[in-house]
Amino acid sequence: MKKGDAKTNYRQQLLSARSDLLFSLGAKAESIASLGRVNEDDQAQASHEEFISLRLNGLDYQKLRMVEEALDRLDSGEYGLCLACDEPISPRRLEALPWARYCVHCQDQASVDFDERPARLLEVVTY
Ligand SMILES: [Zn+2]
């Protein structure tokens, strides 16, 4: 596979993951909204969104952020490089985790050093 094709492939995977996440987050937001119909002024809406973000969808939001960061890196040409050591992340790892930010070595080192605990759950692939 040519390099350019791989990046197109990663982008498609990321875009697809992003739309899945947005759909999932939207579906959850709707189900919450239908549970409690309170006064939805701006204030209520803001705390409502905060509630969703913090409590229910923390992991989805974390993943969405990682996916969008990866798309940014595709645009800036930095995609596929470990954010910690600048070494290339293995293609196998990127195929399984197109939003991976760290190479497997740095991910192993990262458990204490990086404040990314929820995100680490999304980076459990060990290659
Ligand atoms: Zn690294």
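Start by selecting G58, D72, D75 and S76 in this predicted model. These are exposed residues on the face of α3 that points away from the buried side of the helix.

Next, select the whole of α3, residues 58–76. This helix has 19 residues, and its first and last C-alpha atoms are 27 Å apart, close to the 27 Å expected at 1.5 Å a residue.

Now colour K63, M66, V67 and A70, the buried residues of α3. Look down the axis of α3: the buried residues fall within an arc of 100 degrees, so they line one face of the helix. An α-helix has 3.6 residues a turn, so residues three or four places apart point the same way.

Which residues have the most contacts inside the largest nonpolar core? Select L14, V67, A70, L94, W99 and A100 to see them; the core has 14 residues. Two or more of the core residues come from each of α1 (3–35) and α3.

From that set, pick L94. Leaving aside residues up to four places away in sequence, L94 touches Y10, G80, I89 and A100.

Finally, show the whole protein chain. How many helices and strands does the protein chain have? There are 6 helices and 0 strands, and from the N terminus the order is α-α-α-α-α-α. The protein chain has 127 residues, of which 16% count as buried. Among contacts in the protein chain with a separation of 6 or more, 60% join residues 24 or more positions apart.

Methods: Residues are numbered from 1 along each chain as its sequence is written. This is a predicted model: local features need pLDDT of at least 70, side-chain atom pairs count only at pLDDT 80 or more; totals for chains, interfaces and linings use all residues. Helices (H or I, at least four residues) and strands (E, at least two) are DSSP runs, numbered from the N terminus. A residue is buried if 20 or more other C-beta atoms lie within 10 Å of its own, exposed if 12 or fewer, and partly exposed in between; C-beta atoms are placed from the backbone. Two residues are in contact if their C-beta atoms, placed from the backbone, lie within 7 Å. The expected span of a helix is 1.5 Å times one less than its number of residues. The arc is that of the directions from the helix axis to the C-beta atoms. A nonpolar core is a set of buried Ala, Val, Leu, Ile, Met, Phe, Trp, Tyr and Cys residues joined through C-beta atoms within 7 Å.
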